[in-house]
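Reader: I have a structure open and I want to learn to read it. Can we go through strands and helices step by step?

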Amino acid sequence: MKLTYSGKTKDVYALEDGNYLLKFKDDVTGENGQFDPGANTVGLSIAGAGRAGLNMTAYFMNLINAQGIKTHFVAADLEQATMTVLPATVFGKGLEVICRFRAVGSFIKRYGEYIESGAALPDYVEMTLKDDGRGDPLINKEALAALNILTPAEYDEIADMTKKIARIIKDELARLGMELYDIKLEFGRVNGQVYLIDEISGGNMRVFQDGKTLDPLTLSAKVTG
């Protein structure tokens with residue numbers, strides 16, 4: 001294996017067969033020692049977070065694949081905290097896609113003058129550029145096309161896929177007695193087609209139960225047992 005990228009929460013290795021291996025870390029995003037899925041810095045390390053994130057990712061990737069939605073997921077090794085994935089190219093230098101069901105986090109920071117914290121949102125999708133130095137700026141459809149990051153057709157496809165995937169996850173969590181407030185997804189191109197990539201773990205979403213937010217380890221335990 002050859003290390004090709006070391007990220008905040010995962011390392012990426014190239015395999016001889018052309019696929020890639022993602023090694024999950026125990027680091028999670030946040031600020032001042034507090035977990036925050038919307039943060040663009042590592043806030044803390046939680047023992048077992050990597051394996052829990054992989055377990056939850058495999059659970060939801062299989063669920064999404066079963067609905068006929070394209071993902072890069074091939075297989076998972078829980079003991080090694082690794083996931084084998086198809087080779088994919090990211091859009092630009094990385095694009096994050098957020099689906100929001102309630103007004104929390106950065107959304108309420110931006111628009112709190114117009115909406116109450118926790119208010120329901122209609123499956124709202126927004127996109128941000130992965131750029132830590134610029135605070136992961138929001139970007140719209142026209143700017144993505146002007147910068148040759150996405151075509152308008154790809155934007156529409158990603159937005160539609162995001163709503164479908166987020167709804168699958170929201171419904172599954174609701175079945176288990178939890179509520180999804182928002183979720184961050186990533187997409188890329190595999191053989192020229194749009195695929196869901198990266199992970200689907202507690203570190204990428206806000207989930208509440210009985211009025212309290214669930215940390216990644218607790219959430220994974222409730223979802224995967």
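Author: Start with a strand pair. In this predicted model, strand E4 (residues 27-31) pairs with E5 in the antiparallel sense, over two bridges.

Reader: Which residue of E5 is the bridge partner of Glu 31?

Author: Gln 34 is the partner of Glu 31.

Reader: In what order do the strands of that open sheet lie?

Author: The order is E5-E4-E6, three strands with antiparallel pairing. Strand E5 (34-35) and strand E6 (42-45) stand at the edges. Each has a single partner strand, so one side of each is left without a neighbour in the sheet.

Reader: Now the sheet of five strands. What is its order?

Author: Read it as E1-E2-E3-E8-E7. This sheet is also open, and its pairing is antiparallel. E1 and strand E7 (73-77) are the edge strands, each pairing on one side only. Neighbouring strands are turned against each other by 25° on average, direction ignored.

Reader: How many bridges join E1 to E2?

Author: Four bridges join strand E1 (residues 2-6) to strand E2 (residues 10-14), and the two run antiparallel. Lys 2 stands opposite Ala 14 in E2. A hairpin of three residues links E1 to E2.

Reader: And how many bridges join E2 to E3?

Author: Five bridges join E2 to strand E3 (residues 20-24), again in an antiparallel run. Here Val 12 stands opposite Leu 22 in E3.

Reader: Which strands does H1 touch when it packs on the sheet?

Author: H1 touches E3, E7 and strand E8 (82-85). The direction of H1 makes about 145° with that of E7.

Reader: On to helices. What describes two packed helices?

Author: Two values do: the angle between the axes and the distance between the axes. The crossing of H1 past H5 is left-handed.

Reader: Which residues make that contact?

Author: From H1 come Ala 49, Ala 52, Asn 55, Met 56, Tyr 59 and Phe 60. From H5 come Leu 217, Leu 219, Ser 220, Val 223 and Thr 224. By class, the contact of H1 with H5 has eight nonpolar, three polar and no charged residues.

Reader: How do H1 and H4 pack?

Author: Their angle is about 120°, and their axes are 10 Å apart. H1 and H4 are therefore oblique to each other. H1 passes H4 in a right-handed crossing. H1 brings Tyr 59, Phe 60, Leu 63 and Ile 64 to the contact. H4 brings Ile 165, Ile 168, Ile 169, Glu 172, Leu 173 and Arg 175. The contact of H1 with H4 divides into eight nonpolar, no polar and two charged residues.

Reader: What span should helix H4 have?

Author: Helix H4 (residues 152-175) has 24 residues, so at 1.5 Å a residue it should span 34 Å. Its end C-alpha atoms are 35 Å apart, which agrees.

Reader: What comes just after H4?

Author: Gly 177 does, with a positive phi of about 85°.

Key
Residues are numbered from 1 along each chain as its sequence is written. This is a predicted model: local features need pLDDT of at least 70, side-chain atom pairs count only at pLDDT 80 or more; totals for chains, interfaces and linings use all residues. Side-chain values use heavy atoms; hydrogens and water are left out. Two strands pair if DSSP finds at least two bridges between them. The expected span of a helix is 1.5 Å times one less than its number of residues. A crossing is left-handed if the near helix is turned anticlockwise from the far one by less than a right angle, and right-handed if clockwise. Contact means heavy atoms within 4.5 Å. Ala, Val, Leu, Ile, Met, Phe, Trp, Tyr, Cys and Pro count as nonpolar, Asp, Glu, Lys and Arg as charged, and the others, Gly among them, as polar. Axes are lines fitted to C-alpha atoms, for helices over the stretch in contact, and angles run from 0 to 180 degrees between N-to-C directions. Angles under 35 degrees count as roughly parallel, over 145 as roughly antiparallel, 65 to 115 as roughly perpendicular and the rest as oblique.
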